[in-house]
Amino acid sequence: MNTMCSACGLQGYPARVGVDVIEMFQSPPVPYRITRADEWACPGCGQRWVEGYSTKATQHFEPTFMADVEEACGAVRRTGDEPGAGVRICWERADDRRPPDVGLALLQLWLLKVAARAGERLRKP
Ligand SMILES: [Zn+2]
């Protein structure tokens, strides 16, 4: 695939093949969809971008959604990777944007809240 940095006029290179892109929506932001893609980088300025999205995506209403987000946030996909290292969060609005570690913490908090709500529903007679 040809891709280039429009600022530098240099061809991009694949910086990370296989990232989990978690798209956020609503306010405050919650996960909407998770898709696999690749992260590219510019050898000149270091700018990074995500492209090459898979046609397979899991949406928030699908039964495996929570497990997919949990796996993306917690899984060590490659030797030496920190949990969540392969996650890229796509914010809906510029005002929603947070640093990657804060975004990951928000996702983990969301997972805990959803699990707690599911537990409450199970405990009700
Ligand atoms: Zn560049």
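In this predicted model, Val87 makes contact with Asp20, Ile22, Ala72, Cys73 and Leu104, once its neighbours within four places in sequence are set aside. Val87 also belongs to the largest nonpolar core, which has 13 residues; here Val87 joins Ile22, Val69, Ala72 and Cys73 as the residues that touch the most other members. This core draws at least two residues from each of S3, S4, H1, S7 and H2. As a general point, nonpolar side chains in soluble globular proteins tend to be buried together.

Spanning residues 100-123, H2 contains 24 residues, and the distance from its first C-alpha to its last is 35 Å, close to the 34 Å expected at 1.5 Å a residue. Its buried residues are Gly103, Leu104 and Leu107, and they pack against strands S3 (13-25), S4 (30-41) and S7 (87-90) as well as helix H1 (65-74). In an α-helix there are 3.6 residues a turn, so residues three or four places apart point the same way.

Stepping back to the whole chain, there are two helices and seven strands, and the elements follow the order β-β-β-β-β-β-α-β-α from the N terminus on. The C-alpha atoms fill a box of roughly 65 × 35 × 25 Å along the principal axes. Of the 125 residues, 18% count as buried. Among contacts with a separation of 6 or more, 55% come from residues 24 or more positions apart.

Definitions and conventions:
Residues are numbered from 1 along each chain as its sequence is written. This is a predicted model: local features need pLDDT of at least 70, side-chain atom pairs count only at pLDDT 80 or more; totals for chains, interfaces and linings use all residues. Helices (H or I, at least four residues) and strands (E, at least two) are DSSP runs, numbered from the N terminus. The expected span of a helix is 1.5 Å times one less than its number of residues. A residue is buried if 20 or more other C-beta atoms lie within 10 Å of its own, exposed if 12 or fewer, and partly exposed in between; C-beta atoms are placed from the backbone. Two residues are in contact if their C-beta atoms, placed from the backbone, lie within 7 Å. A nonpolar core is a set of buried Ala, Val, Leu, Ile, Met, Phe, Trp, Tyr and Cys residues joined through C-beta atoms within 7 Å.
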